[in-house]
Amino acid sequence: MKTRYQIICSNRNTDLAELDEAARLSGMHPEMIEIFLRARIVSSKPDSNGVPRIDPDGIDRLCQIQHMRKQGRPVLRNIRLVCSLTDQLARTERELRELRNQLSIR
């Protein structure tokens, strides 16, 4: 579930993207994506040939990072913090929806 605070890529059409496709979708250089993969800010899943593939949430995360970079070149530490806070916000919103659903059932 996407929060209203996330920056979403609107041009993606695949479930899992290889590095070059992720670069095209996010507008980010493949080597920069590799930095975020190594820093574990964006995750990937290897296919049967061991080629890393990035899921749609990862593509969204790359778009969000790219947007932040265009706004003022933040350091990796700040990007990690913003991504962590976005993840926490999404979890909190999911929990809130679940609690509201439980209350409406009663």
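1. Lys45 stands opposite Arg53, which lies in β3. The strand β3 covers residues 52–54 and is joined to β2 by two bridges. The two strands run antiparallel.

2. Now the whole sheet. It is open and has three strands, in the order β1-β3-β2. The pairing is antiparallel. The edges are β1 (17–18) and β2 (45–46), and each of them pairs on one side only. As background, strands of a sheet pair through backbone hydrogen bonds, either parallel or antiparallel.

3. A word on confidence. This is a predicted model. The mean pLDDT of the protein is 82. Of its residues, 86% reach 70 or more. Over residues 1–8, however, the pLDDT is below 50. That stretch still has 17 contacts in the model beyond near neighbours in sequence. Where pLDDT is low, the predicted coordinates should not be read in detail.

4. Next, the core. The largest nonpolar core has 20 residues. Those with the most contacts inside it are Ile33, Ile41, Val42, Ile54, Ile59, Leu62 and Ile65. Four helices each supply at least two residues: α1 (19–26), α2 (30–38), α3 and α4 (76–105). The largest share, five residues, comes from α3. In soluble globular proteins, nonpolar side chains tend to be buried together.

5. Take Ile33 from that list. Leaving aside neighbours within four places in sequence, Ile33 is in contact with Leu19, Ala22, Ala23, Ser26, Met28, Ile54 and Leu62. Two of these partners, Ile54 and Leu62, are also among the core residues with the most contacts.

6. Arg61 sits in α3, which spans residues 56–72. Arg61 counts as buried because its relative accessible area is 12%, under the 20% cut-off. A polar atom of the Arg61 side chain lies 3.4 Å from the backbone oxygen of Cys83.

How values were computed. Residues are numbered from 1 along each chain as its sequence is written. This is a predicted model: local features need pLDDT of at least 70, side-chain atom pairs count only at pLDDT 80 or more; totals for chains, interfaces and linings use all residues. Side-chain values use heavy atoms; hydrogens and water are left out. pLDDT is the predictor's confidence in each residue, from 0 to 100. Contact means heavy atoms within 4.5 Å. Buried means under 20% relative accessible area, exposed over 50%, partly exposed in between (1.4 Å probe, protein chains only). A polar contact is a pair of N or O atoms within 3.5 Å; within protein, one must be able to donate a hydrogen and the other to accept it, and residues adjacent in sequence count only if both atoms are side-chain atoms. Two strands pair if DSSP finds at least two bridges between them. A nonpolar core is a set of buried Ala, Val, Leu, Ile, Met, Phe, Trp, Tyr and Cys residues joined through side-chain atoms within 4.5 Å.
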